Amino acid sequence: MRSCGKRSRVVDHRSIASDSRGINLNPIHTLYYVAPCCFVFLCVPWMIVEFPLLKQTSSFHFDYFIFGTNSLCAFALNLAVFLIVGKTSALTMNVAGVVKDWILIAFSWSVIKDAITAINLFGYAIAFLGVAYYNHSKLQALKEKEAQKAQEDEETGSLLMAERDGFEKKDEENR
């Protein structure tokens, strides 16, 4: 569920910041419009699910420093997502998310000594193959694009050479 929400958020960021309708928002302006909506939509479940539990516990104390630093981190994360998606694509952001998950899993296995089963390893292998295929296809597309550009440059250069030769002949005939 969290993964679907994260993927849709990345796609939403890309569509909001795009200029397909003549609107081009930079990351700060996009956050300016998206953040209040996120706040409203997150307050409703918080009031229903978490607030009653907080009221029941007498040890609840609002810590402004913790709240402020968490808010700053969330803002920085959203800004980074907007900047990365604006420069690359939503798919690249999702692949980077998979790599981030691997790093977290490796950390939990090595430092926290979390257990990893054979099914986990099989899933990681499939994810690794998917990322490898993505990188391979991206590299192939880049090579094709460069080859096509080189061919177009070569054709343009030969046309310019032929045109220049034609002008030189006319200059010699006119002399």
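**Side chains that meet**

At 23% relative accessibility, aspartate 101 counts as partly exposed, a label for values between buried (under 20% relative accessible area) and exposed (over 50%), found with a 1.4 Å probe on protein chains only. This is a predicted model, where local features need pLDDT of at least 70 and side-chain atom pairs count only at pLDDT 80 or more, while totals for chains, interfaces and linings use all residues. Residues are numbered from 1 along each chain as its sequence is written, and side-chain values use heavy atoms, leaving out hydrogens and water.

Let's stay with aspartate 101 for a moment. Its side chain meets that of lysine 100 in a salt bridge, 3.6 Å from N to O. The term asks for a side-chain nitrogen of Lys or Arg within 4 Å of a carboxyl oxygen of Asp or Glu, and by this rule the count is one salt bridge. Lysine 100 is partly exposed too, with a relative accessible area of 38%.

Now for the rings. Rings of Phe, Tyr and Trp (its six-membered ring) pair if their centres lie within 6.5 Å; planes under 30 degrees apart are stacked, over 60 edge-to-face, and the rest tilted. This rule gives two aromatic pairs. Tryptophan 46 and phenylalanine 51 form a tilted pair, 5.2 Å centre to centre with 45° between the planes. Tryptophan 46 is partly exposed at 33%, and so is phenylalanine 51 at 29%.

Tryptophan 102 and phenylalanine 128 also form a tilted pair, with 5.8 Å between centres and 40° between planes. Because tryptophan 102 lies in helix 4 (residues 90-110) and phenylalanine 128 in helix 5 (residues 118-174), the pair ties together parts 26 residues apart in sequence. Helices here are DSSP runs (H or I, at least four residues), numbered from the N terminus.

Key:
Helices (H or I, at least four residues) and strands (E, at least two) are DSSP runs, numbered from the N terminus.
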